[in-house]
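Dear colleague,

Please find below the structure I am handing over to you, together with its sequence. My notes on the findings follow directly after it.

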Amino acid sequence: MKEQILAVQRMQDYIEAHLDEEVTPADLAGASMFSPWHSYRLFRQYTGCTPSEYLRRLRLSKSALELKRGALRVTDAAYALGFGSVDGYQRAFLKEFGCNPGAYARNPVPIPLFIPYGVKFRELRREAIDLENLQSVFVQMTVRPARRALIRRGAKAEDYFSYCGEVGCDLWGLLTSMDSICGEPVGMWLDEAHRTPGTSVYVQGVEVAPDYAGDVPEGFDVIELPEAKYLMFQGEPFREEDYCVAIEAVRRAMEKYDPDLIGCSWDDANPRIQLEPKGTRGYIELRAVK
């Protein structure tokens with residue numbers, strides 16, 4: 001992997017670890033092991049924004065989540081995350097999300113949170129996967145209740161990466177700001193009944209209650225999903241740089257698994273579901289059975 005990419009990743013990791021502290025160009029240069037000028041240029045080249053823009057957007061998004069949870073007052077959020085004044089924080093929040101932080105705290109609406117993706121993962125996708133060391137996968141039955149799903153369709157996407165190319169990776173920030181009955185956004189491979197002509201198999205969205213009557217962001221569709229049994233395939237915890245191996249282990253286990261062993265068959269009238277890959281819990285996909 002290119003040393004420049006690893007240098008930018010080290011800067012991203014440093015910012016994440018020191019989010020509530022002052023972060024200077026010298027700090028980032030020390031993390032990257034390049035000069036301040038070269039560090040700045042590399043960071044902008046690989047992330048698309050300057051270090052100060054990146055830090056501001058990340059702090060604002062963290063503060064929005066804390067306001068939504070009721071964990072902080074607006075004043076506390078302003079100072080806890082390094083903004084010099086409440087007025088400055090309110091102006092920055094309004095510019096970033098289009099609403100005042102006080103109004104958002106009282107009535108959280110979907111907003112485009114900034115989700116910082118590590119630059120090294122773009123390169124890891126291109127590296128060969130060591131199939132000799134695939135991890136074990138845990139399988140268990142679970143039930144998904146009747147629900148609605150607020151989804152954003154793509155055009156031709158069949159997986160996460162092509163979907164990001166069509167819709168953009170920033171959508172996950174908006175989804176993260178929305179309440180879900182399962183506590184987090186999902187990716188889905190839709191069955192034929194839930195697709196519309198000229199749209200993608202793979203979509204992203206949030207699952208909500210069957211009687212949901214809240215905001216539906218522009219460009220989203222609402223679909224009805226019945227109660228269904230699912231087999232949940234969960235891999236072992238993994239290092240972030242090994243996420244491709246973790247995904248491949250789950251995919252292979254799902255391909256080989258015979259649901260007839262438990263008196264079931266695959267139920268392809270319900271979407272396959274993907275949860276966000278998190279190293280601390282392992283990669284998870286769910287496939288419906290009947």
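The model is a predicted one. Its eight-stranded sheet is open and antiparallel in its pairing, and the strands follow the order β1-β6-β8-β7-β3-β4-β2-β5. At the edges lie β1 (137-144) and β5 (221-225), each of which pairs on one side only. From one strand to the next, the twist averages 30 degrees.

Within this sheet, strand β2 (residues 147-152) runs antiparallel to strand β4 (residues 202-208), and five bridges join the two. Leu150 stands opposite Val206 of β4.

Two helices should be noted in relation to these strands. Helix α9 (residues 160-167) lies across β2, β4 and β7 (272-274), and its direction is at about 90 degrees to β4. Helix α11 (residues 243-256) packs on the sheet, where it touches β1, β3 (186-189), β6 (228-235), β7 and β8 (284-289). The direction of helix α11 makes about 135 degrees with that of β6.

Glu184 is placed in the loop between α10 (171-176) and β3. Is Glu184 buried or exposed? Its relative accessibility is 13%, and because buried means under 20%, Glu184 counts as buried. Leaving aside residues up to four places away in sequence, Glu184 touches Leu275, Glu276, Lys278 and Arg281.

With kind regards

Definitions and conventions
Residues numbered from 1 in each chain as written. Predicted model: local features only at pLDDT ≥ 70, side-chain atom pairs only at ≥ 80, totals over all residues. Heavy atoms only, no water. Pairing = 2+ DSSP bridges. Helix = DSSP H or I, 4+ residues; strand = E, 2+ residues; numbered from the N terminus. Axes fitted to C-alpha atoms, helices over the stretch in contact; angles between N-to-C directions. Contact = heavy atoms within 4.5 Å. Buried < 20%, exposed > 50% of the residue type's maximum accessible area, 1.4 Å probe, protein only.
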